[in-house]
Amino acid sequence: MDTHESRFTVRETFEFAARASIGSSAAAADAPGS
Amino acid sequence: MIQLLDLVSCADTIIGSKTVRGISGGQRRRVSIGEVLLTSPRVLCGDEVTAGLDAAVAEGVVHALRQYATATRATVVLALQAPTPDTYALFDNVVLLGEGHVVYAGSRDALEANLTSRNFPPPAFGDFADWLAAFVTDPVLAAPQGMQPTEVPTLEELSTTGGPSVAWFGSLDQRQHSTAGSATVQVSYTKVGDALRSSEYLTGMYGVGARQAACSRLGATM
């Protein structure tokens, strides 16, 4: 629960999470057998 | 996401830490949930996600999860020890567990009639969710007037499945997804936290529905 980077705002935290989610989806799509 | 979780007022506030002042504990909890929702889970499991939050914030969190479930046709499974009446009313389905026994599993709307048919009529007044917590803690506490303690069935006798809650937890999800419903499910009371934590498709504090892993585990089609 307390793993957030304290210096980031709520908005920035969500932006990072959204980018990470998109990145992981793209990686999954590129994975062999997908 | 910021609007869904009612974080507009603190959107540009830093998260903070123990030494640096930032958003409140309740807001921090909602940020954590938001981060999970941004992964678009098809199945989201939460173990006591409202612990430590005041009643209004807790209801807001569950309401946001319900909105997510409705909008995305995902399934949200929450284990809550003591939901408030308003929070309880947000759920479509309820699983009552006592000492690992499934005492009830089905729609929230049918729960009251089900218990009444089994000689446990809920009180006409008062907090129904609170009464349920007492019921699965010790049926004697919820027994109707006139019923002798020796006549009150045990939780094992009230069990609808006779099986362990962990196994049943799996079949619950399978059933939910076999109908492709956008249900929000409450799994509550003892042992469920252990089940959630031991499930391989959970990460961190919240259960993130890693789709393939959940399908593999549950044999479900999502």
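## Chain B overall

Of the 222 residues in chain B, 42% are buried, a figure that belongs to a predicted model. The secondary structure of chain B consists of 10 helices and six strands.

## Confidence

The model as a whole scores ipTM 0.71 and pTM 0.69. For chain B the mean pLDDT is 70, with 71% of the residues reaching 70 or more. Within chain B, confidence is highest in α1(B), at 88, and lowest in strand β6 (residues 206–208), where the mean is 28.

A stretch of chain B, residues 163–222, has pLDDT below 50, although the model gives this stretch 134 contacts beyond near neighbours in sequence. Where pLDDT is low, the predicted coordinates should not be read in detail.

## Helices α1 and α2 of chain B

Helix α1 of chain B spans residues 25–37 and helix α2 of chain B spans residues 55–72; their axes come within 11 Å and cross at roughly 10°. Because angles under 35 degrees count as roughly parallel, α1(B) and α2(B) are therefore roughly parallel to each other. The crossing in which α1(B) passes α2(B) is right-handed.

On the α1(B) side, the contact is made by B:G26, B:R29, B:R30, B:I33 and B:L37, while α2(B) supplies B:V57, B:V61 and B:Y68. Taken by class, the residues of this contact between α1(B) and α2(B) comprise five nonpolar, one polar and two charged.

## The segment before α1

B:I15 lies in the segment of chain B that precedes α1. Along the chain, B:I15 and B:G25 are 10 residues apart, and their C-alpha atoms are separated by 9.7 Å.

## Contact between chains A and B

Chain B contributes 23 residues to the contact and chain A contributes 14 residues. On the side of chain B that touches chain A, the residues divide by class into 12 nonpolar, eight polar and three charged.

Methods: Residues numbered from 1 in each chain as written. Chains lettered and ligands numbered in written order. Predicted model: local features only at pLDDT ≥ 70, side-chain atom pairs only at ≥ 80, totals over all residues. Axes fitted to C-alpha atoms, helices over the stretch in contact; angles between N-to-C directions. Helix = DSSP H or I, 4+ residues; strand = E, 2+ residues; numbered from the N terminus. Parallel < 35°, antiparallel > 145°, perpendicular 65-115°, else oblique. Left-handed = near helix turned anticlockwise from the far one by under 90°. Contact = placed C-beta atoms within 7 Å. Nonpolar A, V, L, I, M, F, W, Y, C, P; charged D, E, K, R; others polar. Buried ≥ 20, exposed ≤ 12 C-beta atoms within 10 Å, placed from the backbone. pLDDT = per-residue confidence, 0-100.
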